[in-house]
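Here is a structure to look at together, with a few questions about what its labels rest on. Keep the sequence and the 3D view at hand as you read.

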Amino acid sequence: MILPSTNIQQKLNKLRNNESSGDALLQEIRNYLAREQKVDDRIKNQLKHTGQTDPNHFHFDLLDTERIYHLEHIKKICIDYRLRFLDSQYFKGELPQEALNQIKKLEAQHQIQLGGYKIMAPSKLFKLKDKDDPLLFVPMGNNYFYLVHQWGNDLHPLRKWLVWPFKGMVNLVLFTLLLSYLTTLLVPDGLFSKNNSTAEFWIIFFFMFKWIAAVVIFYGFALGKNFNPAIWNSKYFNA
């Protein structure tokens, strides 16, 4: 006698049908999805209208210490990479579902509702959609913040050096001098006179410096730019 093979799907269907009808199962799924959507809507509303300044009361034994950062650490990274650290209500990018899931996971673990969301991201992400590397934080008290989620692409590997001139006036002047010097080196010999001399080089350098400095001043003042330490936590476009 040959025994028939076992069909696992039939076994699953039999067990499911014995425990609940198909309609009851569908209703259970609908109820679950409705509850999840309600939680998502509540979190999205908090992110858009954050105003909480009180710390979130975590169970510290359940926290990942690698995700805890002091405000001074956040400030230094923002200044080095020309980022902003602002309330989530100013963020204009899309919050991914993974971030919402992480928020719900933390709330379930700690039996709390999170609030006071902060986001670290490039300035442009607080005005228009983009895909650079935002990080979502919540306050813990005493100027400590907990990293909830990070998404998007990493920042450009040279971003720290590209924004170095904007860390302060000294950096900007040194950058302008260096750029003027390199530009002067590109001027062909004998362009202005037949006899090259050190005096001629420094005269050209002086004019290059004035030209580049004028461009920098126009960019800085006419377009409302400011140095990194002044904008890292400012909500104003022309801070």
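Q: What makes lysine 92 count as buried, partly exposed or exposed?

A: A quick word first: this is a predicted model. Lysine 92 has a relative accessibility of 45%. Buried means under 20% and exposed means over 50%, so lysine 92, at 45%, counts as partly exposed.

Q: Where does lysine 92 lie, and how far is its C-alpha atom from that of lysine 124?

A: Lysine 92 belongs to the loop that runs between S2 and H4. Its C-alpha atom and that of lysine 124 are separated by 9.0 Å, with the two residues 32 apart along the chain.

Q: What makes the phi of arginine 82 worth a look?

A: Most residues other than glycine have a negative phi. Arginine 82 is not a glycine, yet its phi is positive, at about 55°. It sits in the loop between helix H3 (71-81) and S2.

Q: Which value of phi does glutamine 111 have, and is glutamine 111 buried or exposed?

A: Glutamine 111 has a positive phi near 55°, and it is a residue other than glycine. Its place is the loop between H4 and strand S3 (118-122). The relative accessible area of glutamine 111 is 65%; exposed means over 50%, so glutamine 111 is exposed.

Q: In what order do the strands form the sheet, and what makes a strand an edge strand?

A: The 5 strands form an open sheet in the order S1-S5-S4-S3-S2, with antiparallel pairing. Strand S1 (68-70) and strand S2 (83-87) are the edge strands, each pairing on one side only. Neighbouring strands of this sheet are turned by 35° against each other on average, direction ignored.

Q: How do you know that S4 and S5 pair?

A: Two strands pair if there are at least two bridges between them. S4 and strand S5 (residues 144-150) have 6 bridges, in the antiparallel sense, so they meet that condition. Phenylalanine 137, for example, has leucine 147 in S5 as its bridge partner. Helix H4 (residues 97-110) packs on the sheet, where it touches S4 and S5, and its direction makes about 130° with that of S5.

Q: Why is glycine 141 called partly exposed?

A: Its relative accessible area is 21%. Buried means under 20%, so glycine 141, at 21%, is partly exposed. Glycine 141 is in strand S4 (residues 135-141). Its C-alpha atom is separated by 7.3 Å from that of aspartate 54, 87 residues apart along the chain.

Q: Which residues touch the most other members of the largest nonpolar core?

A: Phe58, Leu114, Tyr117 and Leu136 do, in a core of 22 residues. Helix H2 (22-48), H4, S3, S4 and S5 each supply at least two residues of this core. Beyond its neighbours within four places in sequence, phenylalanine 58 is in contact with residues including Leu63, His110, Val138 and Tyr146. A second, separate core has 10 residues, among them Leu71, Cys78, Phe85 and Phe145.

Q: How many aromatic pairs does the structure hold, and what makes the pair of tryptophan 202 and phenylalanine 205 edge-to-face?

A: There are 9 aromatic pairs. The ring centres of tryptophan 202 and phenylalanine 205 are 5.3 Å apart and the planes are at 85°. Rings pair if their centres lie within 6.5 Å, and planes over 60 degrees apart count as edge-to-face, so this pair is edge-to-face. Tryptophan 202 and phenylalanine 205 are 3 residues apart in helix H7 (residues 198-222), and so are separated by about one helical turn. Tryptophan 202, at 44% relative accessible area, is partly exposed, whereas phenylalanine 205, at 14%, is buried.

Terms used. Residues are numbered from 1 along each chain as its sequence is written. This is a predicted model: local features need pLDDT of at least 70, side-chain atom pairs count only at pLDDT 80 or more; totals for chains, interfaces and linings use all residues. Side-chain values use heavy atoms; hydrogens and water are left out. Helices (H or I, at least four residues) and strands (E, at least two) are DSSP runs, numbered from the N terminus. Buried means under 20% relative accessible area, exposed over 50%, partly exposed in between (1.4 Å probe, protein chains only). Axes are lines fitted to C-alpha atoms, for helices over the stretch in contact, and angles run from 0 to 180 degrees between N-to-C directions. Contact means heavy atoms within 4.5 Å. Rings of Phe, Tyr and Trp (its six-membered ring) pair if their centres lie within 6.5 Å; planes under 30 degrees apart count as stacked, over 60 as edge-to-face and the rest as tilted. A nonpolar core is a set of buried Ala, Val, Leu, Ile, Met, Phe, Trp, Tyr and Cys residues joined through side-chain atoms within 4.5 Å.
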